[in-house]
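Visitor: I am new to this structure and would like to start with the ligand. Could you show it to me?

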Amino acid sequence: MSKVFIVGARRGLGKHIAEVWKKHYPQDTLLGSSRQTEKDLLFRCDLAKAEEVDGLLQFFDKEQPERVFCVAGGGPHGEFISKDWKDHQWALSVSLLSPLKIAHHCLRSQYCKQVILVGSAIAEELPDPLAASYSAAKHGLKGFVSSVVAEGVGTKDLRLFSPGYLDTAMLPVNAAVRAKGKVLSPALAAEIFVKWASEPQAAWHYSYT
Ligand SMILES: NC(=O)c1ccc[n+]([C@@H]2O[C@H](COP(=O)([O-])OP(=O)(O)OC[C@H]3O[C@@H](n4cnc5c(N)ncnc54)[C@H](OP(=O)(O)O)[C@@H]3O)[C@@H](O)[C@H]2O)c1
């Protein structure tokens, strides 16, 4: 029996991962967070707000999850200079700085054994025009996880899951990739994620395209 915490569990890929994990491991305790908590039993945390991230880390210390999956992410869509700096700062806080802070806290804790961050097969590898700060964040996540893994994390299990385009609210309805049929099912991505996360000897990076 294990306790699993999903940052970004209310919708999108995070919600699918919660459902798949529950199906395969019904004995586990699943906890999660979202910026909205009205109808769900989720911890409220906006990753763009430092005090709420600190509150989440205190909640971790109380609940002591063995696995933490940080699925939340986002960034502004449009030319870099057309967006205000606060929009890029938001992307960097939500998609890079807060996931790193969460990983730092969990890797230093006694209770957490596994931390998985969610990158992007496209945005972490290639230029991602109209999503520069999001792409910078995803490149940063890959640089971070690969570096810490190379340092050696002892008994801890730090990983990065990098999907291709997913059929979620993040991808605009009129995105060109939808017409090209290159969009993956988030339910299937969640199945792949759960299988990989459950394999103790699996590679630290899984690029699912
Ligand atoms: N969709 C794609 O094509 C694609 C491709 C590659 C990688 N990814 C990555 O996959 C992950 C999941 O995205 P998705 O496709 O499921 O998109 P989504 O349906 O738009 O979900 C976005 C998730 O991020 C959370 N989130 C956004 N801003 C937040 C904030 N300020 N504080 C806390 N949580 C925040 C949302 O939670 P609440 O709204 O409940 O607060 C939600 O759980 C992200 O890391 C994304 O970068 C997506």
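Guide: A residue counts as near a molecule if one of its heavy atoms lies within 4 Å of it. In this predicted model, 27 residues surround the ligand.

Visitor: Which residues are the closest to the ligand?

Guide: The closest are Leu13, Ser34, Val71, Tyr134 and Thr168.

Visitor: What classes of residue make up the shell around the ligand?

Guide: The shell has 14 nonpolar, eight polar and five charged residues.

Visitor: How far is an oxygen atom of the ligand from an N or O atom in the side chain of tyrosine 134?

Guide: That distance is 2.6 Å. For the side chain of arginine 11, an oxygen atom of the ligand is 2.8 Å from an N or O atom.

Visitor: Changing topic, where is serine 2 found?

Guide: Serine 2 lies in the segment before strand S1 (3–7).

Visitor: Is serine 2 buried or exposed, and why?

Guide: Serine 2 is buried because its relative accessible area is 13%, and buried means under 20%.

Visitor: What does its side chain contact?

Guide: The side chain of serine 2 makes a polar contact with the side chain of glutamate 66, at 3.1 Å.

Notes:
Residues numbered from 1 in each chain as written. Predicted model: local features only at pLDDT ≥ 70, side-chain atom pairs only at ≥ 80, totals over all residues. Heavy atoms only, no water. Polar contact = N/O pair within 3.5 Å; in protein donor to acceptor, adjacent residues only side chain to side chain. Nonpolar A, V, L, I, M, F, W, Y, C, P; charged D, E, K, R; others polar. Helix = DSSP H or I, 4+ residues; strand = E, 2+ residues; numbered from the N terminus. Buried < 20%, exposed > 50% of the residue type's maximum accessible area, 1.4 Å probe, protein only.
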